[in-house]
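Here are my notes on this model, point by point. Please keep the structure open while you read.

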Amino acid sequence: MSSSATGANISDHPISPHATRVAWVGTGVMGQSMAGHLLAAGYALTVYNRTASKAEGLVSRGATLAESPRAAAAAADVIFLMVGFPSDVRSTSLDPSTGALAGLAPGGVLVDMTTSDPTLAAEIAEAAAAKGCAAVDAPVSGGDRGARNAALSIFAGGDAGVVARLAPLFKLMGNALYMGGPGAGQRAKLGNQIAIASTMVGLVEGMVYAHKAGLDVGKWLEAISTGAAGSKSLDLYGKRMLERDMAAGFYVRHFVKDLGICLSECQAMGLALPGLALAHQLYVSLLAHGEGGLGTQALILAIERLNNTCLDKKPE
């Protein structure tokens, strides 16, 4: 069944808090804020998280806790996934005994907001179509701050009509742009990650240079933030790096996963992106130091180690 044919089968009732039940799988750093916006808007929300305690905040606000993705989907018209790795996406969506598609009634929609493999997104869309449902891949950019402030960029792939129908839900989390058919949302997000990776390398190299040159790095960041070198990465992470705040808005281990998917896609395309490969290796070095649970701003640690320096001390 084609994605366009699938779209015609999906219930066309307008989405609203009174008419639409929503479920959310994956209530981590990003998912908890995103699901919280749906709850605050009045949607009946069912949640599932592998570590149930991480869903307690939403449950205390009125969400219902499910025992599996399948159970969550059975209580919903639209179910969102925000999990870690493609293997998690596969199991939470496609597992025949516990997966979301096994519990989703015909006419339901599965929205995967995890950054994952485009080919897996297409596989999930095909599996959803086979049971009269729809699947949309809608990964996001904007980090923990964007999630909290409902200011995420959302890259949506799938049937255009289904994506348009989901607009009331997406608007509660940020700005959604339709990128194309199944997998197009994931490919747009991978391109986003490629751009961010080299931007982060440039930012931390500039900071280490400013430090070694004897500048006040905080003032330097302020000075460049309104010029051509200004970026969302600088706004999100510059101050955190200066304050040695490495708490994860987005985990190093998840960024390594994303960049690895990018490199795999590039290899299949015969595409050489040396900046991407360099950034990937620098982030892998953080994993080697046991720092996969830190935020992506921890890249500063890798560049500091290469230069035997540290920004929280006076320049040598």
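1. Helices (H or I, at least four residues) and strands (E, at least two) are DSSP runs, numbered from the N terminus. On that basis, Arg61 sits in the loop between helix H3 (56-60) and strand E3 (64-65). Leaving aside residues up to four places away in sequence, Arg61 touches Gly36, Leu39 and Ala40; contact means heavy atoms within 4.5 Å. Arg61 and Gly36 are 25 residues apart along the chain, and their C-alpha atoms are separated by 8.6 Å.

2. A word on the source. This is a predicted model, where local features need pLDDT of at least 70 and side-chain atom pairs count only at pLDDT 80 or more, while totals for chains, interfaces and linings use all residues. Residues are numbered from 1 along each chain as its sequence is written, and side-chain values use heavy atoms, with hydrogens and water left out.

3. Confidence comes next. The chain averages a pLDDT (the predictor's confidence in each residue, from 0 to 100) of 94, and 95% of the residues score at least 70. Residues 1-9 fall below 50, and this stretch has twelve contacts in the model beyond near neighbours in sequence.

4. The chain is assigned domain 1 (22-181) and domain 2 (188-307); such bounds come from an automatic or database domain assignment. Their C-alpha centres lie 27 Å apart. Contact involves 18 residues of domain 1 and 17 residues of domain 2.

5. How much area do domain 1 and domain 2 bury between them? The value is about 1400 Å², 61% of it on carbon and sulfur atoms. Buried area is the accessible area (1.4 Å probe) that two parts lose on being put together, summed over both. In domain 1, Phe85, Thr115 and Arg145 lose the most area to domain 2, together 33% of what that side buries.

6. One salt bridge is counted between domain 1 and domain 2. The term means a side-chain nitrogen of Lys or Arg within 4 Å of a carboxyl oxygen of Asp or Glu. Arg240 forms a salt bridge with Asp144, with the closest N and O atoms 3.3 Å apart. On the side of domain 1 that touches domain 2, helix H2 (29-40), strand E7 (140-141) and helix H8 (143-148) each supply at least two residues.

7. The salt-bridge count by this rule comes to ten. One pairs Asp77 with Arg21, the closest N and O atoms being 3.3 Å apart. This pair links distant parts of the chain, 56 residues apart: Asp77 is in the loop between helix H4 (69-74) and strand E4 (78-81), and Arg21 is in strand E1 (residues 21-25).
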